[in-house]
Amino acid sequence: MATITIDVDLPAGVTITAYQRHGDGHGFEVSWPWPDRCRCDHCRREDDAHLEVREAVQVVRDLDLWGQPSFWIYQPVFHRCPYCHHRQHLLPPFKRRDTSYTYRFEQHVLRSLIGSNEEEVARRLGISAETVGLIVRNQLADTQAKAIDPQRVVQDVGIDELSLKKRHKLYVTILTDLTNPGRPEVLAVAEGRDEAAGRECLEKLSEAQRRQVQTYRADMGPAFHAACRGLLPQARAVVDRFHVAKKFNEVVDRERKKNHAGLQAEAHEGAAEGVSLVDVGVPAEPPGSDRGGEGRAGGAV
């Protein structure tokens, strides 16, 4: 029997207690430290934790592993208030209330939207477009309510626009920390895709953090570059190969469409009977060639 070691990057305090393969996915049983004291959501009194654990498990979506979805499996735990007997669900540290996916899956969805839209991302990840839209709205609310840790060292950032709907003018701007390329992290999200949206994201960083930024990655539009030039005084611009390739493909596609009608007009309808192999682009076989063994296992093709 073969043994495989899997390295999984876990949030602080979360541990994996078991693994199981299920169909085309991976299931990880996880646990985290439960609190010693709890405050009741109903009567607001704080007391020692009176915990109740359900036997049924909860399953939430996490990041893909080897191109296949992975899920975290845990036992829900509740606090029973000794005063009003209200029972409240204790949220695990890796997900928000009333969702079936982890925080880092949310950030993965946001990053997947760069150069795409919610329908395509939903299809690729096997979730609904409504879920993608809900994730974006939650991330917008989070960034408006939370500040970035002023002690965080940010040296390389990416600033991109996200198109939420095909052929609709529904855009948001996303600021990503690329200091560690292996672990990009979303820092801020703002509505729109203009210079104001770029500045709103960058202003989430403190002035000292903005001076520490050495490079920023953006598309070739002027709006984000103007925002970065004004707020990242020490940073130089880096245009990703993704954006260069995208512009190149757009130009090629535009030229193809311009010439397509003319080429079609020059085409002559008629039967293909009697047309030689050379005329249709298929090279003729050399005389005496033997193709009887082509495609056999282990043979040269």
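**Before you start**

The model is predicted, so local features are given where pLDDT is at least 70 and side-chain atom pairs count only at pLDDT 80 or more, while totals for chains, interfaces and linings use all residues. Residues are numbered from 1 along each chain as its sequence is written, and side-chain values use heavy atoms, with hydrogens and water left out.

Of the 301 residues in the protein chain, 33% are buried, where buried means under 20% relative accessible area, exposed over 50%, and partly exposed in between (1.4 Å probe, protein chains only). Contact means heavy atoms within 4.5 Å, and among the contacts in the protein chain with a separation of 6 or more, 51% are between residues 24 or more positions apart.

**Stop 1: the four-stranded sheet**

Select E1, E2, E7 and E6, which in that order form an open sheet with mixed pairing; two strands pair if DSSP finds at least two bridges between them. Strand E1 (15-22) and strand E6 (58-65) are at the edges with a single partner strand each, so one side of each has no neighbour in the sheet. From one strand to the next the twist averages 30°; angles run from 0 to 180 degrees between N-to-C directions, and axes are lines fitted to C-alpha atoms, for helices over the stretch in contact.

Now colour strand E7 (residues 68-74), which pairs with E6 in the antiparallel sense over six bridges, and with strand E2 (residues 25-31) in the parallel sense over four bridges. Trp 72 in E7 is the bridge partner of Val 60, and Phe 28 stands opposite Trp 72 as well. Phe 71 in E7 is the bridge partner of Arg 61. Between E6 and E7, which form a hairpin, lie two residues, and Trp 66 in the turn has a positive phi of about 55°.

**Stop 2: helices H1 and H3**

To see where they meet, show Phe 105, Glu 106, Gln 107, Val 109 and Leu 110 in H1 together with Val 132, Ile 135, Val 136 and Gln 139 in H3.

**Stop 3: the five-stranded sheet**

Select next E12, E11, E10, E13 and E14, an open sheet in that order, again with mixed pairing. E12 and strand E14 (236-238) stand at the edges, each with a single partner strand, so that one side of each is left without a neighbour in the sheet. The twist here averages 25° from one strand to the next.

E11 and E12 pair over six bridges in the antiparallel sense, and Ala 188 in E12 is the bridge partner of Leu 175. H1 lies across E10, E11 and E12, running at about 60° to E12, whereas H6 lies across E10, E11, strand E13 (215-217) and E14, at about 150° to E10.

**Stop 4: the largest nonpolar core and H4**

A nonpolar core is a set of buried Ala, Val, Leu, Ile, Met, Phe, Trp, Tyr and Cys residues joined through side-chain atoms within 4.5 Å. The largest has 21 residues, of which Val 157, Leu 175, Leu 202, Tyr 216 and Leu 232 touch the most other members. E10, E12, H4 and H6 each supply at least two residues of this core, with H6 giving the most, four residues. Leaving aside neighbours within four places in sequence, the contacts of Val 157 include Leu 175, Tyr 216 and Leu 232.

Finally, select helix H4 (residues 195-202), in which Ala 197, Gly 198, Cys 201 and Leu 202 are buried. They cover an arc of only 135° around the axis, which puts them on the same side of H4; the arc is that of the directions from the helix axis to the C-beta atoms. These buried residues pack against strands E10, E11 and E12 and helices H5 and H6.
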